[in-house]
Every structure is written in C-alpha cells, then in structure tokens.
Amino acid sequence: MSLKTPALLVGVCVLAGAAGFGIYHLQKGAAAPAAAIGSAAATNATAPEAAPSNIKLTDLAGNSHSLEEFRGKLLVVNFWATWCTPCLHEIPALKKIQDDYGARGLQIVGPAVDDADEVRKAGPGLAFNYPIYIGSAEEMLDLMTKFGNSEGGLPFSVVIGPDGTILQRQLGEFSAVELAGLAEEHLPKQP
Amino acid sequence: MKIRGYVVLSSMFLIGSATAADVWSKKSVAGPDLLPADTAFQLVSAQRDGDNVKLDWVIAPGYYLYRKRLSFEPVQPAQAHIGAPQLPKGENVHDEHFGDTEIYRETLQAKLPLTKGAPAVQQLRVRYQGCADAGVCYPPVTRVIDVAAAPR
C-alpha cells in the first residue's frame, strides 16, 4: 500500500463519521413531538423548533381556547396539578413573574393535569393571576407528550417565543430568578 | 491489519458522534433525568396468601410513594370484597402544602384482608402516586391487576 492509501481511508472515515452525525441529528429532529423526558428533540441555532400547532385548551368556565391566541407573547406553558407539591411551590414564582413582566409581553398559562373539580376548589386559594386550563388526565398527558414529556412528570414548563418557536423545556420547578432571566433575554428591552 | 485499525477508528468516530448527539439532545429539556413511572414504582406481585392479598412494590432509590394516595378496589368477581388495607408504617415527612404525611421508599407491602364468606378477589384496581426527590411528581397511576393464587 502506498502512503496515500491510509490518508485516503482516514479521510473516508472522517466523512462517514460526519455523515453519521448529520443523519443522527436529522432523525432526532424528526422524532421531536414524541420525545421522552430527558431526550427531547434536538434543537440548534439554525433550526428552531416550532411549538405544536392546533393546541386547544379549556378554561375553568368551559370555554375553548387556542395557544395561537398568545402568539407574539413570550409564553410559559406550565403544566401543574393540585397533588404535586413542587408545582404548588413553584406557583408564587410564576405569579410574581407574571406581575413583573406581563406588561412587557410575558404570559404564563397553566394547564392542570388534574381533576377539574380539584382545580376549581384549589383555584381561589392559589389566587392565580394567569389563566388555568383543565381537561381529562388523558388529554393533558397527550398534550404534554406533544410538548416532549411522555412520562408526565410535573411540574413541566415549555417556554415559547413570540414567533412560536420552543425556546426551552423545563422539568421540575423554575425559580423566579430563572424566569426573570428568560424574560430579560427574550422580551424587548425597556426604553 | 492496518485497514482493520482504520475501520475501528471509523467506528469509534461514529459512536462518539452518536454519543455527542445524545448529550446535545438532552440539553433541550432542562431538569433531572427521570425514570419512567413504571420503573420508578414497580408493582411486582399481587398474590393471595391465606386470608390476605399481598401486593409488593419495589421503589427505585430517590423515589417515594405517598401512603394516603394508595387505594384498592376489587374488580373481579363482582361480589368480591376486601377489608381495610393494612399498610406498614412509612417515613414521616412534613409537606408544606399537605401537612404531616407518610411516604414509602425502597419497598412496600400492602395486605388486603379477604372477607370471610365472600368470593376471593381475582382482579384488583390499584391506584398509587409518587414523586422523585429531584422535585418532580408523577401523575396518579391506576392499574387493574390479576391476583395470583399463593404458590403451593
């Protein structure tokens, strides 16, 4: 074998590796909607991931809403439940951030993975300053799966940019500091 | 021999690329890596044993089940009846929202007394709910399970 052959083989190997990496990424991207906790879709700077479309939500009065209503806002979709201690612990931080950044374009919404009657009972005590939505357990688990959480762990939040792309998924509590950081990063600066 | 070396090198590169892609993809969900609920809380057996039905769970380290969120209901036969569940003493914890409560870690055995004169239960609906120490809770689980006869 000449000296050129090993160099050629190494070159082919590197190209094969790069192709494998690229194909792997494309496959992961295609599997985005059903991705499990901890292995959600790949995201990168050149291919923003669009939030699932046609998401319908029902408010406590029984009225139907679409997430599209919030297009143009920095949207935090926070899945929660009355039986979930970390969810209840997180709510004051969410309320504070809604108060602090609502006027600048932040909107939190809270689909409850819970019995509707339990949510109605707990609602007044929790004094939400953002809309709460209800649905059957199956509907809410299906919705969370569409957002990349197939195991149903709570709390689970998805941050959606004003252009409808997913900016972040968070399993477990957001702190007020983390939420404020997101708001400062993605909302227009104050004059 | 040299060619085999290059093939190994190429394979390592491909594996390395896949691993890098995995790490990359996991960045898109911030927070802890969690077990699926069925792995975190394994209901491993349901067996008639004398005058009781015994249910056994294996709970993964770092996960726990709430005592007050356990419930049991006979499904088959329709006339089957069970008494009040006998549960072991759990770990006492104070929850800021739910007050003093008991949780189970590692293992749990629940005993359901069979009612004398009633047909033995063959199928049960079991509900349970738990959380991870990492600060994430799972939705309540409902399972309809067959009850096995005790081994002879």
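**Salt bridges, disulfides and a proline**

Tutor: Let's start with A:Arg104 and A:Glu184, whose side chains meet in a salt bridge, 3.5 Å from N to O. Keep in mind that this is a predicted model.

Student: Why do A:Arg104 and A:Glu184 count as a salt bridge?
Tutor: The rule asks for a side-chain nitrogen of Lys or Arg within 4 Å of a carboxyl oxygen of Asp or Glu. The N to O value for A:Arg104 and A:Glu184 is 3.5 Å, so the pair passes.

Student: What parts does the pair of A:Arg104 and A:Glu184 tie together?
Tutor: A:Arg104 sits in the loop between α2 (85-101) and β4 (106-111) of chain A, while A:Glu184 belongs to helix α5 (residues 176-186) of that chain, so the pair ties together parts 80 residues apart in sequence.

Student: How do you know whether A:Arg104 is buried or exposed?
Tutor: Buried means under 20% relative accessible area. A:Arg104 has 17%, so it's buried. A:Glu184 has 34%, so that one is partly exposed, since partly exposed runs from there up to the 50% limit for exposed.

Student: Which residue does B:Arg67 form a salt bridge with?
Tutor: B:Glu102, with the closest N and O atoms 3.3 Å apart. B:Arg67 is in the loop between β4 (63-66) and β5 (71-76) of chain B, and B:Glu102 is in strand β7 (residues 99-104), 35 residues apart. B:Arg67 is partly exposed because its relative accessibility is 29%, and B:Glu102 is buried because its value is 16%.

Student: And what makes B:Arg105 and B:Glu91 a salt bridge?
Tutor: Their closest N and O atoms are 3.1 Å apart, and the limit is 4 Å, so they qualify. B:Arg105 lies in the loop between β7 and β8 (107-113) of chain B and B:Glu91 in strand β6 (residues 91-95), so the link spans parts 14 residues apart in sequence. At 31%, B:Arg105 counts as partly exposed, and so does B:Glu91 at 36%. As for networks, salt bridges with shared partners join B:Arg67, B:Lys89 and B:Glu102 into one.

Student: How many salt bridges are there over all chains?
Tutor: The count comes to 15.

Student: Why is the link between A:Cys84 and A:Cys87 called a disulfide?
Tutor: Their sulfur atoms are 2.2 Å apart. The link of A:Cys84 and A:Cys87 is right-handed, with 80° about the S-S bond, and both cysteines are buried.

Student: What joins B:Cys131 to B:Cys137?
Tutor: A disulfide, 2.1 Å from S to S. The torsion about the S-S bond of B:Cys131 and B:Cys137 is about 95°, so this disulfide is right-handed. B:Cys131 has a relative accessible area of 0% and B:Cys137 has 1%. Under 20% means buried, so both labels follow. Over all chains, the disulfide count is 2.

Student: Where is B:Pro36 found, then?
Tutor: In the loop between β1 (29-30) and α2 (37-40) of chain B. B:Pro36 is called partly exposed because its relative accessible area is 32%.

Student: What is B:Pro36 in contact with, leaving aside its neighbours within four places in sequence?
Tutor: A:Glu151 and B:Tyr138. As for B:Pro113, 77 residues away along the chain, its C-alpha atom is separated from that of B:Pro36 by 31 Å.

Key:
Residues are numbered from 1 along each chain as its sequence is written. Chains are lettered from A and ligands numbered from 1 in the order in which they are written. This is a predicted model: local features need pLDDT of at least 70, side-chain atom pairs count only at pLDDT 80 or more; totals for chains, interfaces and linings use all residues. Side-chain values use heavy atoms; hydrogens and water are left out. A disulfide is a pair of cysteine sulfur atoms within 2.5 Å. Buried means under 20% relative accessible area, exposed over 50%, partly exposed in between (1.4 Å probe, protein chains only). Helices (H or I, at least four residues) and strands (E, at least two) are DSSP runs, numbered from the N terminus. Contact means heavy atoms within 4.5 Å.
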